[in-house]
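Please open the structure in your viewer and keep the selection tool at hand.

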Amino acid sequence: LYQYKYQRIFNYPSLAEGEAPRGSIGIPRVLNLYENYPFWHTFFTHLGYRVVLSPESNRKIYEKGMESIPSESVCYPAKLAHGHIQALLDQDVSLIFYPCIPYEEKEFDDVDNWYNCPIVMSYPETIKHNQDDVQKAGITFLNPLLPFDNDQRLEERLAEIFGVYGINRLEITEAMDAAIAEKEAFCRDMEKKGEETIAYLK
């Protein structure tokens, strides 16, 4: 089931360089971007970006970013984030997207809290201020605070952020619609696979 989920999340084909009028955008395979990758890959592909995903986590990825880890006590998944960012930089990706997401989507009406772990929410800021390579000339590290639990406000924020790249509101709206549809399709697929797994166990 976990193998199915992993493949379902990350097996999205990216545009070829010649098919991507807006160039490449890097997304690290870390923390909150796991569950939300179907949304973001669809969003950026729809806008005409070639999405570059960092490699699978392993010891070498960890070692790539080890020197910039500021805390020994932070969780291992957070420590891995440094290596994933470095892996994107090593692929000459000059635009990296790693947003701060305080709230995830509210999946049930009666829940009291849908707040991300403080590390998950704020770790892009840690990367920004501790990994020197993202501050180099020619590198753009986008780590905006985004309201993932409010589609209307999320669309407004994305229009603000990417308007400076010449992307108009209609393009953002259309990309958001496609991304939301894909996110919902991913959730339906996982629900179906979960039901199949329970039936198999029975």
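Begin by selecting W114, which counts as partly exposed because its relative accessibility is 24%, a value between the limits of 20% for buried and 50% for exposed. Please bear in mind throughout that this is a predicted model.

**Stop 1: the partner of W114.** The rings of Y103 and W114 form a tilted aromatic pair, 5.9 Å from centre to centre and with 50° between the planes. Both residues belong to the loop between β3 (95-97) and α5 (118-130), and they are 11 residues apart.

Stop 2: The structure holds 22 aromatic pairs. For another of them, select F10 and Y37: the ring centres are 5.3 Å apart and the planes stand at 45°, so this pair is tilted. F10 lies in helix α1 and Y37 in helix α2, 27 residues apart, and the pair thus links distant parts of the chain. Are these two residues buried or exposed? F10 is buried, with a relative accessible area of 7%, and Y37 is buried as well, at 2%.

**Stop 3: charges over rings.** Then select Y4 and K193, where the charged end of K193 sits over the ring of Y4, 4.7 Å from its centre.

**Stop 4: an aromatic cluster.** Select F39, W40, F43, F44, Y49, F97, F148, F162 and Y165 together; ring pairs link these residues into a cluster.

**Stop 5: the largest pocket.** Select K5, E35, E107, F186 and C187, which lie nearest the centre of the largest pocket among its 19 lining residues. The elements that each give two or more residues to this lining are α1 (2-10), α2 (33-46) and α7 (169-201). Which element gives the most? It is α7, with 5 residues. The pocket holds about 390 Å³ of space, and its lining divides into 9 nonpolar, 3 polar and 7 charged residues.

**Stop 6: the second largest pocket.** Finally, select E105, E107, F108, F148, D149, N150, D151, I180, K183, E184 and C187, which line the second largest pocket. About 210 Å³ of space lies there. The largest share of the lining, 4 residues, comes from α7. By class, the lining has 4 nonpolar, 1 polar and 6 charged residues.

Note on methods. Residues are numbered from 1 along each chain as its sequence is written. This is a predicted model: local features need pLDDT of at least 70, side-chain atom pairs count only at pLDDT 80 or more; totals for chains, interfaces and linings use all residues. Side-chain values use heavy atoms; hydrogens and water are left out. On a 1 Å grid over the protein atoms alone, a cavity is a set of points where a 1.4 Å probe fits but cannot get out, and a pocket is an open set with protein on both sides within 12 Å along at least five of seven lines; lining residues have an atom within 4 Å of a point. Grid points are joined across faces, edges and corners, and a volume is the space filled by probe spheres set on the points. Ala, Val, Leu, Ile, Met, Phe, Trp, Tyr, Cys and Pro count as nonpolar, Asp, Glu, Lys and Arg as charged, and the others, Gly among them, as polar. Rings of Phe, Tyr and Trp (its six-membered ring) pair if their centres lie within 6.5 Å; planes under 30 degrees apart count as stacked, over 60 as edge-to-face and the rest as tilted. Buried means under 20% relative accessible area, exposed over 50%, partly exposed in between (1.4 Å probe, protein chains only). A charge sits over a ring if NZ of Lys or CZ of Arg is within 6 Å of the ring centre and within 35 degrees of the ring normal.
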